[in-house]
Amino acid sequence: MVEIQADIIEHEEPEASDYFELLKPKVMRLVVFTAAIGLLAAPNSIHPVIAIASLLCVAIGAGAAGALNMWWDADIDLIMKRTSTRPIPSGRISSDQALALGIILSILSVMMLGLFANIFAAGLLAFTIFFYVVIYSMWLKRATPQNIVIGGAAGAFPPMIGWSIASGGVGLESILMFLLIFVWTPPHFWTLALFMNQDYSKAKVPMLTVTHGMISTRKHILVYTIALSILAVAMAFSSVGGPLYFAVCVPLNIWFLLGSIKIMNRTDEVSLADNFKLEKKIFVFSIFYLFAHFGVIGAETVIKALSPYYIAWPEII
Amino acid sequence: MILKEHEIYSRRGRKNMWLGGIMGSLVAVIFLVTVVKLANGSKMQAFDHSLRPEMVESDKKN
């Protein structure tokens, strides 16, 4: 399906920045950040050089998955306004180059992580790349409106990889961090789908907005945000949580919940009239929401390590 | 006589500089990790099916 682009568009000599864009740097940033927090929150400590080198491997692995995703989705990226300027649909990089780069970086990142950290972390990274490219991009994305619900797991693995880099395994806390991103993904992407619905319809991607309509999507956003809030607040009472996490998490979740309720109560006419102002605002907020949660998990870890007499806090989970 | 170099050469030059930098950084990272692993007591030699003095020594101790 991607060869079409190579035939239609005459390629210019790509710039280094075109290759970098192929690695989805914005996604990479979130992946590295959550993996770093997972690594920091793990009970075992590792040498900073090993930690940085391992996180570099995670970043390269995430970039490789991004390149392979762009290779596979080049046909629909061309149709969608949001993605039409990506390197392949805009003709700056051929799909073959993207495929080669994706495969080489996937192998390199997994191999190096196995050598730098451990086999378990490398296996988890390999599975994450496989899940994102094969399970999500190739299979679910064009097959079911549950695409981002199940596919969201790919974006949720990085804190588990980070945790396993330090500990060599899985812990309850790393599963909780996984769940936080997993449950956050649907409301985040469905909010985006609300104001990008035309794009998805045109590209025939069965997003919930396309298959079940806007009203159903608005309800789904609220249901998932309720589940997310319960999980996020519950995490305050695990070993990665604490009083600071609780103090930050509660207002953020109230804000997200109120936003979701407002989204549900809006009609399409109202949203169209102000060009989906609220939906766009909540979408941007949801990114901040995730960064803030992981940021405060990191802060809790540092505070606990530095001050042994930190406020007594119940750890129920 | 060609006085002006085509733009594509400068673009390739920039790309090659980036590639060189990335390859150099990769070598530096591998070197640093090796130093740290050795300093932390990781094995310097894997079993290679040949008898080494330290193996004989350890046998004597046992």
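**Domain and chain contacts in a predicted model**

Chain B contains 2 helices and 0 strands, and in this predicted model 2% of the 62 residues of chain B count as buried.

Where chain A and chain B meet, 9 residues of chain A and 11 residues of chain B take part in the contact. On the side of chain A that touches chain B, the largest share is supplied by helix α4 of chain A (residues 48–72), which contributes 4 residues. When the residues on this side of chain A are sorted by class, 6 are nonpolar, 1 is polar and 2 are charged.

Within chain A itself, two domains are assigned, of which domain 1 covers residues 1–168 and domain 2 covers residues 171–317. The centres of domain 1 and domain 2 of chain A, taken over C-alpha atoms, are separated by 22 Å. The contact between these two domains of chain A involves 26 residues of domain 1 and 26 residues of domain 2. Several helices of chain A, namely α3 (25–41), α5 (74–79), α8 (147–156) and α9 (158–167), each provide at least two residues of the side of domain 1 that touches domain 2.

Terms used: Residues are numbered from 1 along each chain as its sequence is written. Chains are lettered from A and ligands numbered from 1 in the order in which they are written. This is a predicted model: local features need pLDDT of at least 70, side-chain atom pairs count only at pLDDT 80 or more; totals for chains, interfaces and linings use all residues. Domain bounds come from an automatic or database domain assignment. Two residues are in contact if their C-beta atoms, placed from the backbone, lie within 7 Å. Ala, Val, Leu, Ile, Met, Phe, Trp, Tyr, Cys and Pro count as nonpolar, Asp, Glu, Lys and Arg as charged, and the others, Gly among them, as polar. A residue is buried if 20 or more other C-beta atoms lie within 10 Å of its own, exposed if 12 or fewer, and partly exposed in between; C-beta atoms are placed from the backbone.
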